[in-house]
Amino acid sequence: MKKHPIPSLFILMLLAFPCALMAQDYNYHPTLSDTFNASLGYMRSSNSFTFSTDAIGNPGEDIDFNDTLDVSNHSNFFNGQLRWKFGSEKKWSLWGQYFSNKATGRAELDKDIEWNDLTFQKGTYAEAGVKLAVTRVFIGRSFFKNEQNDFGVGVGIHNLDLSAYIEGEVKLNDQTTGVRREEVGASQILPNIGGWYNYSPAKHWLLHGRVDWISANIGKYDGGLWNASAGVGYQAWRHVGFDLSWQYFDLHVDVDKGDWTGSTKMTYSGPVVSVNFGW
């Protein structure tokens with residue numbers, strides 16, 4: 001049965017919403033003291049996609065999907081996160097995050113495109129698309145924590161599920177063989193390390209930042225990832241607040257698995273507006 005992480009997280013937030021009606025006093029932003037924090041964010045992202053597929057015995061040419069195939073360089077998508085703090089002083093944290101994105105485009109080719117041992121012909125129209133889904137699980141410990149500050153580091157895993165396709169007229173020995181769709185994809189769990197810092201300068205305000213990093217050679221995957229965010233939150237009610245942050249996600253990886261031998265470079269960056277729940 002197919003799972004839907006975003007709707008499930010949203011339902012959990014709705015169940016927690018009645019808690020917002022309970023009046024409780026606090027001196028600093030309650031994100032620092034609450035046991036559970038959940039957020040559902042809307043991201044307006046600037047994108048960059050570059051892929052290559054190696055021909056037999058030869059490295060493939062990097063194809064910029066934005067410029068060459070007119071794949072959209074902007075996306076709108078949801079980003080869901082959940083954090084559970086536990087332990088006698090709530091210094092341990094378990095985090096979960098999920099987001100996914102799909103971008104497509106169509107363009108007239110101004111040159112022949114070599115893609116997975118196929119040649120898509122110059123002067124014809126080709127459609128292309130990119131998909132990425134990221135699921136992150138992370139466990140960390142706070143090393144400097146009080147009612148105003150929370151600094152910690154930890155380890156986790158990113159599950160990356162990505163794919164790309166080109167569909168168009170294929171040329172073989174200067175003759176067309178008709179329209180073909182060729183797709184490549186990969187899915188892999190990769191470890192990461194990360195750190196965060198939250199600071200509340202006043203009762204309703206929170207400044208926060210987070211960085212995650214991967215650099216690994218696992219099986220037939222070799223590459224790295226940076227995932228960073230920084231922002232400011234405002235607590236409108238005791239259990240409900242709003243947040244504006246800037247997110248940056250950069251992935252570069254070489255793949256030699258199944259139907260795809262090649263590489264990709266993918267970048268997402270932009271503002272995120274979130275509704276936050278804490279209890």
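This is a predicted model: local features need pLDDT of at least 70, side-chain atom pairs count only at pLDDT 80 or more; totals for chains, interfaces and linings use all residues.

Visitor: What gives the most to the lining of the second largest cavity?

Guide: That is strand β12, with 3 residues. A lining residue has an atom within 4 Å of a cavity point. β3 and β4 are also among the elements that give two or more residues to this lining.

Visitor: What makes the space of about 70 Å³ a cavity rather than a pocket?

Guide: A cavity is a set of points where a 1.4 Å probe fits but cannot get out, whereas a pocket is an open set. The space of about 70 Å³ is listed as the second largest cavity, so by that definition the probe cannot get out of it. Its lining includes Met 43, Phe 77, Asn 227 and Tyr 268.

Visitor: How is the lining of the second largest cavity divided by class?

Guide: It has 6 nonpolar, 4 polar and no charged residues. Tyr counts as nonpolar here, so Tyr 248 and Tyr 268 fall in that class.

Visitor: What is the volume of the largest cavity?

Guide: The largest cavity has about 620 Å³. Of the 37 residues that line it, the closest to its centre are Ser 39, Gln 81, Trp 95, His 208 and Asn 276. The lining of the largest cavity has 9 nonpolar, 22 polar and 6 charged residues. Among the elements that give two or more residues to it are β9, β10 and β11.

Visitor: Why are β9 and β10 called paired?

Guide: Two strands pair if there are at least two bridges between them. β9 and β10 are joined by 8 bridges, so they qualify, and they run antiparallel. One of the bridges sets Gly 195 against Val 211.

Visitor: How many bridges join β8 to β7, and how many join β8 to β9?

Guide: 19 bridges join β7 to β8, and 23 join β8 to β9. Both counts meet the cut-off of at least two, so both are pairs. A hairpin through 3 residues joins β7 to β8, while Leu 172 has Gln 175 as its bridge partner in β9.

Technical notes: Residues are numbered from 1 along each chain as its sequence is written. Side-chain values use heavy atoms; hydrogens and water are left out. Helices (H or I, at least four residues) and strands (E, at least two) are DSSP runs, numbered from the N terminus. On a 1 Å grid over the protein atoms alone, a cavity is a set of points where a 1.4 Å probe fits but cannot get out, and a pocket is an open set with protein on both sides within 12 Å along at least five of seven lines; lining residues have an atom within 4 Å of a point. Grid points are joined across faces, edges and corners, and a volume is the space filled by probe spheres set on the points.
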